Amino acid sequence: MTKPVILTGLRANNNLTIGNYFGGMLPLIDMAQSKASEYQINMFIPDLHSFTTPIDHTSLYDQIFHTAKVFAAAGLPLDDERINMYRQSYIPAHSELTWILDCFTGFGEMSRMTQFKDKSGNIGTDRTTVGLFNYPVLMAADILLYGAKYIPVGDDQTQHLEFTRDIAERLNTRFGELFVIPESVKKQHEFFGKDQGLRIMDLADPTKKMSKSDNSGKGVIYLSDAPEVAAKKIMSATTDDKALVKFNPTSQPGISNLIEILALLKGEPVSVTAGRYEGETKYGVFKQAVAHEVQAFLTDFQSKLSAVSDDDVASALERSEATMATQASLRLLAVQKAVGLRPRTQVE
Ligand code: AMP
């Protein structure tokens, strides 16, 4: 019996922050490991999605490979055959199914996608590509090719998941049971558990989320920061004039953010970390402790990253890509037969 599929995208990104690490990567890796006995885990790098808006193509290939290495350094096992890490563009069925689905997708239906409206509004008509418009159809193909039931979707993707369900039902109604219908957004949330809502804030402006797109980089700790530079960023983090180390994100956002970061680095609940500094009035002492942990964490992470072998990553990717290509081409052939592109008698 084949296992139900959980599918998630690992976005290629050269500027990962500790926010991405603790809020995105670690929860995904934990999820993959805890569910791998019951589910097939598909973790793919959506490389075709990465240039729906203009990018620097000279670094794309390396960036994609680097992303796979970063996940390995963060603990994603490369040798676990139940966990498939693969690059979307290495499996041509993604593009081929997209075209077929395109021809059953309404122009109006895509035009209503709020993410498209937002992004194209920001970029302007001249720079908006058909790829950006079409991207939810590619996302539907990513999901439907493997019969994925569960996909952890952020709020910005809920409309695209609904579209995936709609297009799958549309083709199933017309051609018979071609696709597994992914679970509804509500069921996805029930399955993956409520988002714990972790938000690491910017060190310079603790009222906004720490984000890779921050221009100055002063309030952001990147996984690639030199450890002593990151420590300095902590020492100059914005605090307040209350002279009390206390966890209260509303009245003391800067200090509370540092407590949160320290708790994550130590792997302990915020209440325990906060309790340890109860009554501490010298921010310098507290910041030193956080800076020390950040420095140690980055030193350790960067040495793990440099120990990840390119050959191991390449062979893990190739192994998964071969398995996934077999699965995807079976589903694609069923669709090709249904729409009349292949003889119905062709052996799978
Ligand atoms: P983004 O880089 O904004 O596309 O986010 C990718 C993933 O990293 C998502 O799961 C986010 O929730 C997580 N993430 C990004 N920034 C932060 C942050 N400052 N705090 C917590 N999680 C974050």
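Over the ring of which residue does the charged end of Lys35 sit? The ring belongs to Phe191, and the charged end of Lys35 is 4.4 Å from its centre. A second contact of this kind involves Arg87, which lies over the face of Tyr90 at 3.8 Å from the ring centre. The model in which these contacts are found is a predicted one.

Aromatic rings also pair with one another. A search of the whole structure finds 16 aromatic pairs. One of them joins Tyr21 and Phe297: the ring centres are 5.0 Å apart and the planes stand at 65°, so the pair is edge-to-face. The cut-off behind that label is an angle over 60 degrees between the planes. Tyr21 belongs to helix H1 (residues 18-35) and Phe297 to helix H12 (residues 283-307), so this pair ties together parts that are 276 residues apart in sequence. Tyr21 counts as buried because its relative accessibility is 9%. Phe297 is buried as well, with a relative accessible area of 14%. For both residues the limit that applies is 20% relative accessible area, under which a residue is called buried. Tyr21 and Phe297 also belong to one aromatic cluster, together with Phe22 and Phe301.

The rings of Phe116 and Phe133 give another example. Their centres are 5.0 Å apart and their planes are at 75°, so this pair too is edge-to-face. Phe116 lies in helix H5 (residues 114-123) and Phe133 in helix H6 (residues 130-144), so the parts tied together here are 17 residues apart in sequence. Phe116 and Phe133 are both buried.

The next stop is the ligand. Its surroundings are made up of Arg11, Gly19, Asn20, Gly23, Gly24, Leu198, Arg199, Ile200, Lys209, Met210 and Lys212. By type, this shell divides into three nonpolar, four polar and four charged residues. Several polar atoms of the protein lie close enough to the ligand to be listed with distances. A polar backbone atom of Gly19 is 3.1 Å from a nitrogen atom of the ligand. In Asn20 the side chain takes part, with an N or O atom 2.8 Å from an oxygen atom of the ligand. Lys212 also uses its side chain, placing a polar atom 2.8 Å from an oxygen atom of the ligand. Taken alone, the ligand exposes 470 Å², and the protein buries 69% of that area.

With a relative accessible area of 1%, Gln188 is buried. A polar atom of the Gln188 side chain lies 2.9 Å from the backbone oxygen of Glu183.

The phi angle of Ala243 is near 50°, a positive value in a residue other than glycine. Ala243 counts as partly exposed because its relative accessibility is 37%. Val245 is also placed in the loop between H9 and H10. Is Val245 buried or exposed? At 4% relative accessibility, Val245 counts as buried. From Val245 to Thr326 the separation is 81 residues in sequence and 56 Å in space, taken from C-alpha to C-alpha.

Notes. Residues are numbered from 1 along each chain as its sequence is written. This is a predicted model: local features need pLDDT of at least 70, side-chain atom pairs count only at pLDDT 80 or more; totals for chains, interfaces and linings use all residues. Side-chain values use heavy atoms; hydrogens and water are left out. A residue is near a molecule or strand if one of its heavy atoms lies within 4 Å of it. A polar contact is a pair of N or O atoms within 3.5 Å; within protein, one must be able to donate a hydrogen and the other to accept it, and residues adjacent in sequence count only if both atoms are side-chain atoms. Accessible areas come from the Shrake-Rupley method with a 1.4 Å probe; for residues, only the protein chains shown count as cover. Ala, Val, Leu, Ile, Met, Phe, Trp, Tyr, Cys and Pro count as nonpolar, Asp, Glu, Lys and Arg as charged, and the others, Gly among them, as polar. Buried means under 20% relative accessible area, exposed over 50%, partly exposed in between (1.4 Å probe, protein chains only). Rings of Phe, Tyr and Trp (its six-membered ring) pair if their centres lie within 6.5 Å; planes under 30 degrees apart count as stacked, over 60 as edge-to-face and the rest as tilted. Helices (H or I, at least four residues) and strands (E, at least two) are DSSP runs, numbered from the N terminus. A charge sits over a ring if NZ of Lys or CZ of Arg is within 6 Å of the ring centre and within 35 degrees of the ring normal.
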